Amino acid sequence: MTSALFTHCSESEELVRNSRASISVLLEATVLWPESYRINSPKEIQLLAMAENFQRQYSYLYPERKPLLLCPINECEVKKFVSTTLQPISRIRPELFNWEACASFVADFLSLEPLDPPVELPKYLLSSTSVLQSQKATCFEFSTLLCSLLLGAHYDAYCVSGYAVREMCVLDQSLQERPLLDIEDEVSEKQTNKYSMKKVREVESGFLEDQAQKKQDAKDALLQKQVLLERREQRSADPLRGLRVHCWVLVLSGSRDVQKNFFIDALTGNSYATDNDSFLGVESVWNNFNYYVNMQDCSCADMVYNLEDLQLWESFLYGATNKKLLCLEVLKRKEAKKVPKRSSSDAEEEEEEMEETPPRTFDMPRSWVSAIGISRKDLEDRWPGGQKVTRYRKAKLEMFSPYLRPDGLVTRLTTYRDIDCNEAVLVKESYQHRGDHLQQREFSVVDGSTTDRFRIGRHLKLLSERTDHECVMEFNGFRCDGLVQRVESANEMTEIFEDRTDFLRYRHVVFDKNPLVSETNPLQIHKVVERFDRDESKPINKDVAERVFLLAERCIEVTYHLEDFRYIPSKMSFTKPHDPEETGKTEVFSPNLVSVFQVDPSEEPPGTLTLYLMLRELMKDEEKVLIEIQESKKEARDILASRHQEDTDIELIFCPWTTIGGAKAQHQRQEKERLTAELQMWMQEKEDYILAPLLIRLDTSEVLSIKDAKQLYQKCLDDFKKELEKRHSLIQERYERGIRELHKEQQLYRKKQPIMTNEQEEEYQIYYSEKALLIRTTKTQLSILEKAGPVYLQGIEQKLKGDPHLGPYIL
């Protein structure tokens with residue numbers, strides 16, 4: 001920036017230059033700008049002259065309208081035409097192939113620098129390469145980058161210069177509803193297995209559903225009305241309404257299956273209809289081929305976006321090449337290849353027609369911006385500095401890059417009770433790459449409850465909810481006991497089962513508030529209620545529907561399933577006889593201990609033996625139930641302790657397919673290779689060193705105390721002596737075993753010699769010679785070891801005394 005330009009700038013212009021100059025200086029320190037950034041080509045100089053003439057004529061014909069944004073200054077203080085600032089990406093990443101992904105990336109990756117002043121067009125328009133490096137941009141630079149991505153993805157996209165409401169210009173979303181309405185629903189939809197068996201649809205009243213839907217619609221309409229009133233009140237207080245300059249993106253129909261024109265706000269990544277009331281006016285639009293000035297009423301309500309209509313839109317380059325003409329030329333060339341060769345006369349007539357056609361008009365020069373590169377790390381890091389905070393109506397959304405936080409947090413959505421976001425109600429957190437498979441956590445500020453949800457892959461696929469008074473655990477995976485839910489409080493525990501072979505579906509346990517410890521009831525259980533589904537293989541009057549174990553009252557109640565056309569089920573009540581060890585008396589079973597109620601009076605009541613067998617079976621079931629309850633309590637304690645340990649020692653799993661995970665995996669592999677190489681080198685150096693195993697046990701190989709040295713000396717001698725004794729005993733055992741086997745074989749030979757054949761005689765002779773040779777060899781080894789043992793021991797003693805670690809202390 002030269003001093004001459006400083007003197008001719010206004011105060012507002014100087015502020016803009018100073019704010020943008022800091023970015024330019026920072027980028028120039030790290031990037032050597034290409035020549036196209038610093039110098040205009042002859043064609044660009046001609047284009048700038050045409051733009052100046054166009055601006056002058058426009059101001060003369062429409063003095064009441066604001067000047068157009070035609071030639072802003074780039075980061076190298078060089079004027080560039082806005083259309084040449086667009087650089088379609090030739091090789092777009094697969095993750096950015098649709099407009100939703102492109103818009104989301106631009107909105108997340110950049111941070112907004114509001115226009116200053118907000119009612120004037122910017123003097124500077126930096127290239128997309130600079131914007132990607134600094135991650136700071138105005139709304140015009142936001143839209144330029146997004147439009148470049150969309151053009152590279154073959155959308156018919158245009159940058160739009162116009163006017164919008166204050167909330168959109170300053171990126172204020174405090175009056176908009178939060179986009180993440182229900183994290184649990186999104187997670188459940190993603191984890192739904194299409195091959196899983198669908199549950200039977202419950203029959204519900206259509207009239208009640210309609211009434212509930214009407215109430216919900218009325219409630220939603222009232223809420224929407226309140227939101228609209230709040231927005232109108234805030235918008236009406238804006239003194240610059242209709243004057244705030246804004247830039248967004250227009251996508252026309254006809255390409256990439258786009259059926260209808262729509263707007264994209266690059267600041268938020270949201271799409272809008274072209275008649276949305278947030279957009280107040282359009283001055284001009286442009287792409288990489290041409291620049292179009294709006295000749296209609298600036299209001300967006302009834303605007304027609306037929307850019308080829310000269311009555312509605314004034315083009316900067318008349319008759320210039322555009323995307324539609326290029327597509328038509330490609331089609332003509334393809335058809336020309338299929339048509340057979342023409343005669344010479346037809347060719348001459350065609351040349352005459354071509355000569356009569358007017359020469360091609362001035363086309364837009366190539367973009368001066370270098371190729372835009374978006375790395376995988378940019379897609380992963382996403383937000384400036386790795387995190388971003390967005391405020392919505394009664395909510396705040398915090399987003400973090402993967403691996404940025406040590407707990408794996410990537411999203412935190414806080415819901416508030418009031419508009420000012422002072423009183424929090426609910427906090428929903430989303431996690432990734434957790435070793436404990438934690439995916440969602442929800443904390444209710446009202447009741448203090450905490451709900452954890454885990455992704456597929458965790459043992460038992462646990463969903464746990466904890467409060468001060470109750471703990472709920474849900475198991476959505478396959479369990480051998482069929483447990484799907486456990487609700488545990490201070491004095492009660494309820495378990496829900498599915499698909500059990502015994503048809504148990506419900507168990508409710510009530511514990512004593514004032515427990516009395518006993519050997520028969522170690523858990524101080526007062527009451528157990530179990531309910532069963534219908535077993536079609538049994539008669540309905542023999543199929544148990546519910547049984548209640550009243551342990552304190554020594555009573556068991558059994559209720560059977562309701563028979564057809566009956567209103568009351570059959571019941572039985574058993575009183576358990578007292579144990580002789582408790583009362584000192586032997587209580588004999590009698591029918592008086594059983595109370596039977598049968599719905600069908602014609603049915604014969606069960607006999608005494610049948611009742612006794614039923615009671616004995618129920619008592620066995622009671623013992624089994626107590627064991628299961630004890631195991632359930634232990635499992636619940638273990639799960640809570642495990643969750644506490646997992647939250648204390650959080651471990652993140654680094655995915656090797658990400659840039660951070662790949663770098664982490666590479667570092668771990670290099671570290672492992674380094675340690676292995678050091679170990680191999682150390683082992684090679686210490687291969688013949690007799691004290692190496694003992695020094696490793698002491699964790700030191702440099703300095704030894706007198707006590708350690710003497711212990712090492714004696715330890716080494718004792719180990720050597722034990723090794724000699726072990727070898728001696730092994731050889732001695734082998735020698736004695738050979739003699740015994742040979743002696744046994746000789747006795748058999750003497751008994752069978754009279755009846756042995758010649759072949760058997762030869763086999764025995766071969767065996768005898770081999771065995772005798774082995775015995776002689778073993779005896780020789782034994783004698784050598786007995787003679788050489790003391791010599792070896794003396795050599796070890798001399799070697800230890802000459803060792804630099806032990807010698808000074810032993811001698």
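# Briefing: core, sheet and salt bridges

K80 is buried, its relative accessible area being 2%; buried means under 20% relative accessible area, exposed over 50% and partly exposed in between, with a 1.4 Å probe and protein chains only. This is a predicted model, in which local features need pLDDT of at least 70 and side-chain atom pairs count only at pLDDT 80 or more, while totals for chains, interfaces and linings use all residues. Residues are numbered from 1 along each chain as its sequence is written, and side-chain values use heavy atoms, with hydrogens and water left out.

Helices (H or I, at least four residues) and strands (E, at least two) are DSSP runs numbered from the N terminus.

**Salt bridges**

- The whole structure holds 38 salt bridges, each being a side-chain nitrogen of Lys or Arg within 4 Å of a carboxyl oxygen of Asp or Glu.
- K80 forms one of them with E44, and the closest N and O atoms are 3.3 Å apart.
- This pair links distant parts of the chain, as E44 is in helix α4 and K80 is in the loop between α4 and α5 (82–85), 36 residues apart.
- E44 also counts as buried, at 8% relative accessibility.
- D502 and R500 meet through their side chains in a salt bridge of 2.9 Å, N to O.
- In that pair, D502 is partly exposed at 35% relative accessibility, whereas R500 is buried with a relative accessible area of 18%.
- Another salt bridge joins E723 to R727, with 3.5 Å between the closest N and O atoms.
- Both E723 and R727 lie in helix α19 (residues 706–752), four residues apart, or about one turn of the helix.
- E723 is partly exposed at 35% relative accessibility, and R727 is partly exposed at 48%.
- A network of salt bridges links R486, E495, R507, E530, R547, D621, E628 and E635.

**Nonpolar core**

- The largest nonpolar core has 60 residues, and those with the most contacts inside it are F81, F140, L146, L150, I264, Y291 and I374.
- Such a core is a set of buried Ala, Val, Leu, Ile, Met, Phe, Trp, Tyr and Cys residues joined through side-chain atoms within 4.5 Å.
- Elements giving two or more residues to this core include α4 (42–61), α8 (139–152), β3 (157–164), β4 (245–251) and β5 (262–265).
- Helix α8 gives the most to this core, with nine residues.
- L150 is in contact (heavy atoms within 4.5 Å) with W99, C102, Y155, A157, V249, V251 and I264, leaving aside neighbours within four places in sequence.

**Sheet**

- Seven strands form an open sheet in the order β6-β5-β4-β3-β7-β8-β9, with antiparallel pairing; two strands pair if DSSP finds at least two bridges between them.
- The edge strands, each pairing on one side only, are β6 (270–272) and β9 (313–315).
- From one strand to the next, the twist averages 35 degrees.
- Axes are lines fitted to C-alpha atoms, for helices over the stretch in contact, and angles run from 0 to 180 degrees between N-to-C directions.
- β4 and β5 pair in the antiparallel sense over three bridges, and the bridge partner of V251 in β5 is F262.
- Helix α8 packs on the sheet, touching β3, β4, β5 and β7 (279–286), and its direction makes about 10 degrees with that of β4.

**Around M168**

- M168 lies in helix α9 (residues 166–169) and counts as buried at 7% relative accessibility.
- Not counting residues up to four places away in sequence, M168 touches H246, D265, L267, Y272, S278 and F279.
- M168 and L267 are 99 residues apart along the chain, and their C-alpha atoms are separated by 8.0 Å.
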